[in-house]
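Me: I have a model open and would like to go through it piece by piece. Can you take my questions as they come?

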Amino acid sequence: MDGGSHPRSIVVVGAGLIGLCSAYYLRREGFEVTLVERSRFGGGAARGNAGEICPALAQPLAAPGVVSSAVAGIYRPDSALHIHPSPNAGLVRFLSRFLVNATASRYRAGVRALALLGADALRRFDDLRAAGVDVEINKKGYLYVFGSAGSAARVRDLVRANGCATAGRLLTAAELAEREPCLGDGARAGFEITDEWTVDPSRFVDAMVSVLEASGVRIVEGARVSGVREDGGRVVVGSSVGEIAADRAVLAAGVWTSEISASAGIALNLFPGKGYSFSVGWDEPPSRLVKLEDARVAVTPMDGHVRIAGTMELDRDHDRLNHARIAAIVNAARPYLRGVDWSRRHSEWVGARPMTPDGLPLIGRLPGHRSTYVATGHNMLGLTLGPSTGALVAELVSGRRERVPEFRPERFARAVRAAG
Ligand SMILES: Cc1cc2nc3c(=O)[nH]c(=O)nc-3n(C[C@H](O)[C@H](O)[C@H](O)COP(=O)(O)OP(=O)(O)OC[C@H]3O[C@@H](n4cnc5c(N)ncnc54)[C@H](O)[C@@H]3O)c2cc1C
């Protein structure tokens, strides 16, 4: 049956943070939802991330000044922002548009757009918990820590200028140690931010899957989607376990979304921004997220372990775990923390953030298509903005909203020869 203007069935491709949340809100609208994942749920950038739910801190990576620091880091494998020195057409395409967006006015517009999307983020996490998503949320806020009072003041002013009203006064080294005794000598200044939360993203993924299963979402794991095509008002998704047809499709395969959309003749300017994390043994860990801003490292207490995460590596090889990046995180974080047993490091992980040149997601119809939608490009914010995005996708697919100009996929889409 042709779903026409009253679609009933939806295929969501990719069970990462965006796919899971989209499936949840689409199901709540009454759609028959099939969720297709090539590996296991959360198999992309979801499970090992830093767990920050931080809508008031959302900002694009493309900021004035970031380009010069990246260029300085090209030949330094230990820098926080690292561009892998193996130029290819995708990287050139990404960086050339990234440069255009790294201006003060575009950065400010990006901050505003992200604030709009994330305005209901915290409430949505509470709603999900109330609806049975069984995951603990740490609501103690964040402690930002710096090597000098100057950089603490600079970042606090920026955070406030970006609209984060809960950034507190500057704290001295002694005040920091009083709040989190695990801080080391490198922690010389900082400030607190209340009202930003953390969650263990891996538990969030598992809890979402349980709720989706209970609500009747059909879940297909181990099915790699190879292509998508529209056929007489229906969408046909080709996968390693056969074709799945539905009235609508939502491509939410993270940084891999472009490979799938290209099969329908549209390539998206997404590039992998790889980040790393690991867990450590620690007898007296912090009680809340500690953000080592000068080191660009997040330290997140989770249930039974502490995750240390960081770095932004622009590298087209999505899955390669570069041990130099892990070593860079250890070296950068070590002066700020005491009591960490670095030798009891485990669960080393790499994930590829789906980066867009302007730092904003791509949410809307795939250009030139009527029944195929895209929801990806969440950069460093896919956990924070997952539930808000899922709700927005449900509004778009059900026709309550036509488009969101700031996130329209046309920004970074180009026609390519369709497969087959
Ligand atoms: C180190 C690190 C720390 C981070 N910390 C935070 C944080 O604290 N807070 C925050 O908000 N964000 C954070 N992020 C960013 C966040 O993890 C990403 O923005 C988010 O995971 C993107 O979600 P996604 O669903 O678009 O992509 P993914 O989570 O990557 O999910 C895509 C899914 O699609 C599947 N897939 C791919 N190709 C196919 C195919 N052909 N067929 C079927 N399935 C397919 C993948 O297996 C995967 O499961 C962090 C990222 C990293 C790397």
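Me: Which helix does S258 lie in?
Reply: S258 is in helix α9, residues 257-262. Helices here are DSSP runs of H or I with at least four residues, strands are runs of E with at least two, and both are numbered from the N terminus. This is a predicted model, where local features need pLDDT of at least 70, side-chain atom pairs count only at pLDDT 80 or more, and totals for chains, interfaces and linings use all residues. Residues are numbered from 1 along each chain as its sequence is written, and side-chain values use heavy atoms, with hydrogens and water left out.

Me: Is S258 buried or exposed?
Reply: S258 is buried, at a relative accessible area of 14%. Buried means under 20% relative accessible area, exposed over 50%, and partly exposed in between, with a 1.4 Å probe and protein chains only.

Me: What is S258 in contact with?
Reply: Setting aside neighbours within four places in sequence, S258 contacts I266, A267, L268 and L270. Contact means heavy atoms within 4.5 Å.

Me: On to the ligand. How many residues surround it?
Reply: The ligand is surrounded by 39 residues, and the closest are E37, A45, E52, N379 and T384. A residue counts as near if one of its heavy atoms lies within 4 Å.

Me: Which elements supply that shell?
Reply: α1 (17-28), β16 (271-282) and β20 (340-355) each supply at least two residues. β20 gives the most, with 4 residues.

Me: How many of the shell residues are nonpolar, polar or charged?
Reply: The shell has 20 nonpolar, 14 polar and 5 charged residues. Ala, Val, Leu, Ile, Met, Phe, Trp, Tyr, Cys and Pro count as nonpolar, Asp, Glu, Lys and Arg as charged, and the others, Gly among them, as polar.

Me: What about A46, where does it lie?
Reply: A46 is in the loop between β2 (32-36) and β3 (52-53). A46 is buried, with a relative accessible area of 2%. Beyond neighbours within four places in sequence, A46 contacts L17, P201, V205 and W349. A46 and G382 are 336 residues apart in sequence, but 8.1 Å apart in space, C-alpha to C-alpha.

Me: Which residues have the most contacts inside the largest nonpolar core?
Reply: L26, F204 and V250 do, in a core of 70 residues. A nonpolar core is a set of buried Ala, Val, Leu, Ile, Met, Phe, Trp, Tyr and Cys residues joined through side-chain atoms within 4.5 Å. α1 gives the most to this core, with 8 residues.

Me: What does F204 touch?
Reply: Not counting residues up to four places away in sequence, F204 touches L17, C21, F125, L128, V133, V135 and L383. Another core, of 27 residues, lies apart from the largest one and includes V145, C182, V280 and V306.

Me: Last one: where is H318 found?
Reply: H318 is in the loop between β19 (305-314) and α10 (323-333). H318 counts as buried, at 18% relative accessibility.
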